[in-house]
Amino acid sequence: MYSERIYREFVDEMHKQYPFVENLFEVLRRLGHERFTYTKFEQEFARAGISAVDAQTAVKILFEYSIVGTLRIGGSTGGSTLELKYSDPLIQIDLSKEIVVHPALKKHLKLVEKRSRKIKVDV
């Protein structure tokens, strides 16, 4: 499975520098959605009990490896795009924006899309 292979590649690449990397992926998995706020990440991170780094540093690590990115909302014509570090090495993560997990990891981490509930109105 492609998603699992990508996950393993990240773990192999990161584990020497960040031995707790699998714990960070577990935090993402526990969030359950591919899109989340920093506040939600911070809450789940606290529950995970990772003591090697703080939540803000953890998100920055994930961002530096392009495991997570942020959305750039399109202008009047729409067209939002996911900004990842590998596509623009100069970008910095903005923790006030929604954070998005790289689409290749979605399946392995069992993440679902957040969708707004539409209320059906009978006329």
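Select Glu34 first, in the loop between helix H2 (21-31) and strand S1, where helices (H or I, at least four residues) and strands (E, at least two) are DSSP runs numbered from the N terminus. This is a predicted model, in which local features need pLDDT of at least 70 and side-chain atom pairs count only at pLDDT 80 or more, while totals for chains, interfaces and linings use all residues. Residues are numbered from 1 along each chain as its sequence is written, and side-chain values use heavy atoms, with hydrogens and water left out.

Glu34 is buried yet has no salt bridge, and the nearest side chain of opposite charge, Lys106, is 4.2 Å away. Here buried means under 20% relative accessible area, exposed over 50%, and partly exposed in between (1.4 Å probe, protein chains only). A salt bridge is a side-chain nitrogen of Lys or Arg within 4 Å of a carboxyl oxygen of Asp or Glu, and for charge, Lys and Arg count as positive and Asp and Glu as negative, with His and the chain ends not counted. Show the surroundings of Glu34 next: leaving out residues up to four places away in sequence, Glu34 touches Ile99, Val100, Val101, Lys106, Leu111, Val112 and Glu113, contact meaning heavy atoms within 4.5 Å.

Now display the strands, which form an open sheet of four in the order S1-S4-S2-S3 with antiparallel pairing; two strands pair if DSSP finds at least two bridges between them. Strand S1 (35-36) and strand S3 (81-83) stand at the edges, each with a single partner strand, so one side of each is left without a neighbour in the sheet.

From helix H4 (55-64), follow the loop towards strand S2 (68-72) and stop at Ser66. Phi of Ser66 is near 60°, a positive value in a residue other than glycine, and Ser66 is buried, at a relative accessible area of 4%. Lys110, in the segment after strand S4 (99-101), likewise has a positive phi near 60°, but at 65% relative accessibility Lys110 counts as exposed.

The last stops are salt bridges, of which the structure holds eight. Select Glu98 and Arg35, whose side chains meet at 3.9 Å, N to O. Glu98 lies in the loop between S3 and S4 and Arg35 in strand S1, so the pair ties together parts that are 63 residues apart in sequence. Lys85 and Glu64 come next, with a salt bridge at 3.6 Å, N to O. This pair links distant parts of the chain, with Lys85 in the loop between S3 and S4 and Glu64 in helix H4, 21 residues apart. Lys85 is buried at 11% relative accessibility, whereas Glu64 is partly exposed at 44%.

Finish in helix H2, where Glu26 and Arg30 lie four residues apart, about one turn of the helix. Their salt bridge has its closest N and O atoms 3.4 Å apart; Glu26 is partly exposed, with a relative accessible area of 27%, and Arg30 is also partly exposed, with 41%.
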